Structure formats: C-alpha cells, structure tokens
Amino acid sequence: MATARAKTSDRKTARPSNPTAMDRVKLARDAKRPHLKDFIANVFDDFEELHGDRLVNDDRGLVGGFASLGGFNVLVLGHNKGETVEENMASNFGMANPDGYRKAMRLAKLAERFRNPVVTFVDTPGAYPGREAEERGQAEAIAKSLEFFAALRTPVVVVVTGEGGSGGALAIAVGDRVLMMENAVYSVISPEGCAGILWRDGSKAPEAAEALKITAPDLLKLGAIDEIVPEPAGGAQKNRKAACSAVKKAVLAALKDLAGMPVDELVERRYARLRAMGDFY
Amino acid sequence: MAWFEKKEAMAKIPPTKALWAVCPKCMSHMEKSVWKANGCICPKCNYHGRLSARERIAQIADAGTFAEVFREVSYSDHLDFHDATGDYKSKVEATIAKTGENESVVVGTCEISGHRAMLGVMDFAFMGGSLGTGTGERIARACEQAIAERRPLVIFSASGGARMHEGILSLMQMAKTSAAIGRVKAAGLPFVSVLTDPTTGGVSASYAMLGDINITEPRALIGFAGRRVIENTIHQKLPADFQSAEYLEKHGFIDRIVERKDLKAFIAKMLAFWNF
C-alpha cells in the first residue's frame, strides 16, 4: 500500500493538472456525462430501437437498434444508464440482466446476416446482481456473449464511454477495435469492491483505483484498449455535444478501417487480439 | 469475491482442525480420517468437498497417463500490485510454496477410461482458484492443443472469479478463454465442463458455463454474483439452496449432478457417445 500511495502522490505533484484514477472514476459516473441516449441522438441518424430477447423479456438495462452513420447501416448496442433517478429506475442504472445480453446476441446475429457492423457503448457498474438474474443464468449469458462476439462475422467497434464494470461490461466489449473515452474507467472490480476486500475498508477506494490501473492511459499501455477518444476540457459532462462529436469521428474512422477487411481475416485478427491479452509467457 | 468470504468462514474453524473435519455446508463434525476416507464427501449431507487439482486428476485420469503441459506459464505481477495486506508477489509466492502449484489450473493430456482427452483442473487452494493471466493462458493453450491433437476438452472449475491483483488483463482472460473454447467447438470437438464447489464470478461467466454439457457435484456452489451482494441489492433474504447445484439444475443451467464416485465413468460414457 505504501508503494501505491507513494506513486499516487508522485503523480499528483509531478502533474498537478492530471486527474487521479479516483477523479476519473467520479467523472465516469457523473450523472451529466453523455449516456447512451446522447450518443444515439448525436452520433447516429435514424435510430430505430428493437426490443426483446425472444425468450422472456425486454431488458431495459441494455438497449439495441438499427441506425446509420456516415453511409454505414449499423447495429447499436449499449448499456442504458440514465441521467435522472426516474430514468435510472427504469433502466436499472445500466445494469443488464441475462435477457439484455441475450437480446444483444440476437440482434448481433441479425446484423451479421446482412453484414451490418456493430457499435457497442459500454457504461455499466456491472451485470445486475439480482435473484432473477441468477435464476435466468447471468453467468451463462455473459459467457455465451463472450464466445459469441469473439466469432461474430461482422465488424464490431466498442466504445467504453463511462464505467466499464467487470464482466457485465466485457460481455458487450469484445470487438475488433476498442475505443475508450478519456475519462472513462474499465476494471475487473469496482475500486470500492476491491478496497473492501483487499484493504478491508471501502474508503480506501482511491488507493485501489490507483493500484488496479483502470484509466484509459493505463489501459492503453496494457494493451486492453486500442485508442483514447479525447474529451472536452474538464470532462465530457462540460460539453456533451462536443464529446459526442469526438466519439462519432473515432467510430466512423474505425468503421472505415474495418470495412474493407475480408471477414475471415477480421475474425482471425479479433481472436489474435484477445489471444495476446496477458501473454507474458 | 466469494473465495475471500469463504476464507473468512474457514478461519472460524477451531484449532482442533488437525483432528476434526467440519462439513462447511451442514457444519457436522467428524474425525478427519472419516472425511478423508469418504473422499472429502460429507457422510451426513452428501456435500462434495473440495479436492486439490492433483487429487482430482488422480480420480479422473487413468493411472500414469496424465502428462502436464505449460507449467512454464505462471502468474504475472505486471501491475506491481500492492494492497493493505502486502504485495501480490509475496502472496502468490507463499501460495506456490504451500500448494506446490504455480497457477490456479493444472492442464495436461491424459486418458479417461481409455479415451484420449485434454484435461484442465483448477485448484481452489491457489489464490481461491482465481483467473489470472497465467490461468487464462494455460486454458487457451490447452484449447489449441486439444484442436491440434483432436482431443476432447474436459475442464474442472473451482474459482471465486477473476484475480483482481492482475487488473484488467485478468478480466480479459474471460474473453480470451471463451474465444478459445468457441474454437474447440468449431473444430468439432466436445467440451465437458465440470463446475465443482465453488464456481463463481468471472469463471462461471466464461469457460465454466460454456460446456457442451455442464456437470456438477451435489451441493456445489455455482453462481455469478455473491449472495451478500445480491441480498444487499434486492434487500431480501435468498432461499437457502440459492446458487446450489440442485438450484442450477432446476433452472436449466446444469445438465447433470453427478456423484463423485460416478464422475469418471459418466465423462467416459459421454466421450464414447461422441465416438472419441
């Protein structure tokens, strides 16, 4: 812990204008930050939502539909965090149920049939920890989703826009190009959860956030993401329109980049990308 | 992180544990020799207790056929991770010294009642069976070797989930292993997943739940989120059998609950059924 602390303070003194990991956690969770509905409105044209997993439910924590972007007809999928309490009550704070992940797979399978690229927006505290979620197979739904997206025969562009909360985030974050907004965070466990377990004190979240390396610059270094999307000064919440424009530009560039690639090569490269994660041996 | 909660619970067992065994499910006490003689199965409630990877391999692989591979793949401290209780490196090194294993899964080739197989067995005693980069790499390589040598894949899971000390790259092992499992299936090979007590978090939410058939043992704990996390979220008490093997079977996520004494024969029967 001493080392983690020392590092934190080094960084603070060396680059005072640079936010700490916990500063970014707060920015990533800011209610005024652009959420899925902002990206749908400002990045795409003609969004048409499609509901349901064809099994039991239409999960509101994860939303999908068709839209167009610069000449591409794409499937948009994303965790549906809201801005107000009412919105968040309706969308479960962006925490998806198994039905949400199964809906995502159903729609992505359809996108694959017509070679529509998929663009996903990742912003969730995690998969919903509920009784029905477990009974309907939260673990199985996430596992299937990982296996499914790894082999999907159409381009997948992922944007981590806010909180990338563990398995619930990863389930729609397997793709060919993973972009991450400058102040988003992406982690195996929340800093509070990690602090509660390894520090036995949830208030040590800032230390845990630092130790876990969850910021975009750190994840770029680790090879977990491919590109950082810059945010307006002070964070995306200061100017949502500008933040959305930057995302639009980055997504469009990624789509153009992937469009010409033969599907076999696309899928091989996606596998190779995953396969290289943490190969230190 | 269920492995940690369990560790706390285990610490409550009195110091007489050298002589006495306590069933963690029904809390009945018995002489340790009775527990061991019964194959770490509770004579009272039939809970199938945890085995080390080596004990499990001895029960599943035909004698003398198990050949371990990828032992050179071990843990990685790429984050130089320190927390309040010390540094990750010393914790893992202590675990290595204690268990004799250098990762949470042991993989190798073997025969199961004469059927060639690629076998992976997780060891809960190694950092709570957590999924680190070494674990993920061993499993991915095992999948690729299974494909290269046309061997059916059998994995015994026992894990509290992803290993947070290895940060985001431990999370990425969920995707890496699931992608590799997908390739095993695409190559026309079967994957038998055995979810043993406990299989939770990032391991249940990746390869463990991807079996062409998912098997478990009586009373095993299987789930995604921890019981306490769920109770705190929904503000309700959960039923006693929540996330048990029996509960999972009832809800359709487990093909069969198989007694330990019948496991090897059952797996061999499945492999024979698929003509492997």
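At what angle do helix 7 of chain A and helix 6 of chain B pack, and how far apart are their axes? The angle is about 70° and the axes are 8 Å apart. The model is predicted: local features need pLDDT of at least 70, side-chain atom pairs count only at pLDDT 80 or more, and totals for chains, interfaces and linings use all residues. Residues are numbered from 1 along each chain as its sequence is written, and chains are lettered from A and ligands numbered from 1 in the order in which they are written.

**View 1. Crossing of helix 7 of chain A with helix 6 of chain B.** Helices (H or I, at least four residues) and strands (E, at least two) are DSSP runs, numbered from the N terminus. Axes are lines fitted to C-alpha atoms, for helices over the stretch in contact, and angles run from 0 to 180 degrees between N-to-C directions. At about 70°, helix 7 of chain A is roughly perpendicular to helix 6 of chain B; angles under 35 degrees count as roughly parallel, over 145 as roughly antiparallel, 65 to 115 as roughly perpendicular and the rest as oblique. The crossing is right-handed, a term for a near helix turned clockwise from the far one by less than a right angle, with anticlockwise being left-handed. A:A143, A:L146, A:E147, A:A150 and A:A151 meet B:M174, B:A175, B:S178, B:A179, B:I181 and B:G182, where contact requires C-beta atoms, placed from the backbone, within 7 Å.

**View 2. Helix 7 of chain A, residues 138-151.** Its 14 residues should span 20 Å at 1.5 Å a residue, and the end C-alpha atoms are 20 Å apart, which agrees; the expected span is 1.5 Å times one less than the number of residues. Of the 14 residues in helix 7 of chain A, 13 are buried (20 or more other C-beta atoms within 10 Å; exposed means 12 or fewer, partly exposed in between, with C-beta atoms placed from the backbone).

**View 3. The side of chain B that touches chain A.** The contact takes 49 residues from chain B and 48 from chain A. Elements giving two or more residues to the chain B side include strand 4 (82-83), helix 5 (133-148) and helix 6 (167-186). Helix 6 of chain B supplies the largest share, 14 residues. By class, this side has 27 nonpolar, 18 polar and four charged residues.

View 4. B:R138 is buried, with 27 other C-beta atoms within 10 Å. Beyond four places in sequence, B:R138 touches B:F70, B:V73, B:E103, B:V105 and B:V107. B:E103 is 35 residues away from B:R138 in sequence and 8.9 Å away, C-alpha to C-alpha.

**View 5. Backbone geometry at A:K213, B:M27 and B:P198.** Most residues other than glycine have a negative phi, and most peptide bonds are trans. A:K213 has a positive phi near 60°; this residue lies in the loop between helix 10 (205-212) and helix 11 (216-222) of chain A and is buried, with 23 other C-beta atoms within 10 Å. B:M27 has a positive phi of about 60° in the loop between strand 1 (20-22) and strand 2 (29-31) of chain B, but B:M27 counts as exposed, with 11 C-beta neighbours inside 10 Å. The peptide bond from B:D197 to B:P198 is cis, with omega near -15°, and B:P198 is in strand 9 (residues 191-199) of chain B.

Conventions
Two residues are in contact if their C-beta atoms, placed from the backbone, lie within 7 Å. Ala, Val, Leu, Ile, Met, Phe, Trp, Tyr, Cys and Pro count as nonpolar, Asp, Glu, Lys and Arg as charged, and the others, Gly among them, as polar.
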